[in-house]
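Have a look at the structure first, then read on.

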Amino acid sequence: MLRRPLTAVVLLATIVSVSCRIAVPGGAGRRRAAEDPRALVRGAVLYEGYCAGCHGADGRGDGPVAGVLNLRPTDLRAPEVLGGASDEQVIERLLHGTPLRTSAAPEGIGEERQLAALERYVQGLSQRDASAIRAGRLVFERQCAACHGVYGEGMGVIMPDRPLPDLHKAQLRLTDRALASVIRKGIGEMPASELGSAELQAVIAYLRVLSPGYRLYGTYCAACHGDDGRGVHPEDLLPPAITAPSIDSAHLAALSPAERRTRMLHMFRRERGLMPHFREILGPDELRDILAYLRG
């Protein structure tokens with residue numbers, strides 16, 4: 001009894017979706033759509049499921065997932081983005097990460113800066129006391145993060161009248177003794193703390209690692225490699241076929257700078273959810289359908 005109305009609703013939604021397609025320049029997709037109009041329908045569904053979260057419903061690069069991950073996806077409507085590339089070139093980009101000649105340089109500069117910050121943090125990973133840092137983070141989240149934010153950047157849920165200092169920069173100017181004094185006695189609007197000696201030292205250990213590299217490592221690497229770089233047991237979090245190698249000074253020393261950078265860049269892009277790893281989900285025919293939808 002309900003099948004016909006439900007089918008009608010789905011069909012109507014599909015028609016509306018296809019009628020609102022993005023219309024990115026490019027003749028190859030239009031020819032494919034003319035040969036097989038169903039490609040538009042398939043492409044609309046695939047785009048909504050796999051692309052719209054970052055690129056947005058109309059390709060502006062303002063999808064909700066991009067906001068959460070602090071990404072700046074390409075505006076697919078810009079003529080210079082896909083208009084100057086063939087379907088095969090775009091598919092190579094999506095499947096294998098081959099750069100498009102239309103790729104924007106500023107994004108590469110930002111990625112290089114993030115990669116450099118991540119590499120600086122990883123190189124000192126094995127020299128840090130991971131248990132003290134972990135304990136300090138728990139205390140910091142309980143006592144300080146509401147105002148300072150989890151990573152000390154001054155973006156907590158409670159916003160004072162004036163901006164708070166970036167604790168990564170502030171701790172570079174202070175000795176351990178000075179940090180302990182500030183935490184115990186308070187400063188400005190910051191109240192005094194009654195932390196015990198062990199908790200105080202743990203918080204200082206945590207403050208010492210605050211950096212862009214620490215945040216990047218915690219976001220993109222720690223789930224597999226662990227807080228201390230020694231790896232997480234595959235049976236705990238990962239599929240059995242995946243193993244995460246230990247990241248210690250001996251392991252890093254065995255790699256050339258170029259090889260180390262290549263491996264870090266690969267995993268950095270993978271864990272950020274960037275497009276080259278769509279090859280694990282989508283095939284060339286499905287990607288052609290998406291391009292037909294975009295160009296239609």
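This is a predicted model: local features need pLDDT of at least 70, side-chain atom pairs count only at pLDDT 80 or more; totals for chains, interfaces and linings use all residues.

## A serine to start with

Ser 131 sits in helix H9 and is partly exposed, at 46% relative accessible area.

## The overall build

Zooming out, the protein chain has 19 helices and zero strands. It runs to 296 residues, and 37% of them count as buried.

## Salt bridges

How many salt bridges turn up in a search of the whole structure? The count is 14. One of them pairs the side chains of Asp 87 and Arg 295, with N and O 2.8 Å apart. Asp 87 belongs to helix H7 (residues 87-96) and Arg 295 to helix H19 (residues 284-295), so this bridge ties together parts that are 208 residues apart in sequence. Are these two partners buried or exposed? Asp 87 is buried, with a relative accessible area of 8%, and Arg 295 is buried too, at 2%.

Another bridge joins Arg 261 to Glu 112, and here the closest N and O atoms are 2.2 Å apart. Arg 261 is partly exposed at 30% relative accessibility, and Glu 112 is partly exposed at 37%.

For a local example, go back to H9. Arg 137 and Glu 141 form a salt bridge there, the closest N and O atoms being 2.8 Å apart. The two residues are four apart in helix H9 (residues 130-143), so about one helical turn separates them. Arg 137 is partly exposed at 23% relative accessibility, and Glu 141 is partly exposed with a relative accessible area of 35%. Elsewhere, Glu 88, Asp 285 and Arg 288 are linked in a network of salt bridges.

## Aromatic rings

Now for the rings: the structure holds six aromatic pairs. Tyr 121 and Tyr 214 make an edge-to-face pair, 5.7 Å centre to centre with 65° between the planes. Tyr 121 is in helix H8 and Tyr 214 in helix H14 (residues 212-220), so to speak a bridge between distant parts of the chain, 93 residues apart. Both tyrosines, Tyr 121 and Tyr 214, are buried.

Tyr 214 has another ring partner in Tyr 206, again edge-to-face, at 5.8 Å centre to centre and 80° between the planes. Tyr 206 is buried as well. Ring pairs gather Tyr 121, Phe 140, Tyr 151, Tyr 206, Tyr 214 and Tyr 217 into a cluster. Tyr 121 also has a charged neighbour: Arg 128 lies over the face of its ring, 4.1 Å from the ring centre.

## Nonpolar cores

Which residues touch the most other members of the largest nonpolar core? Of its 35 residues, they are Leu 118, Tyr 206, Leu 207, Tyr 214 and Tyr 217. Helices H8, H9, H12 (176-185), H13 (197-209), H14 and H18 each supply at least two residues of this core, and H13 gives the most, with six.

Leaving aside neighbours within four places in sequence, Tyr 217 is in contact with residues including Leu 118, Tyr 121, Val 122, Leu 125, His 225 and Ile 247. There is also a second, separate core of 21 residues, and Leu 46, Leu 94, Leu 287 and Tyr 293 are among them.

Key: Residues are numbered from 1 along each chain as its sequence is written. Side-chain values use heavy atoms; hydrogens and water are left out. A salt bridge is a side-chain nitrogen of Lys or Arg within 4 Å of a carboxyl oxygen of Asp or Glu. Buried means under 20% relative accessible area, exposed over 50%, partly exposed in between (1.4 Å probe, protein chains only). Rings of Phe, Tyr and Trp (its six-membered ring) pair if their centres lie within 6.5 Å; planes under 30 degrees apart count as stacked, over 60 as edge-to-face and the rest as tilted. A charge sits over a ring if NZ of Lys or CZ of Arg is within 6 Å of the ring centre and within 35 degrees of the ring normal. A nonpolar core is a set of buried Ala, Val, Leu, Ile, Met, Phe, Trp, Tyr and Cys residues joined through side-chain atoms within 4.5 Å. Contact means heavy atoms within 4.5 Å.
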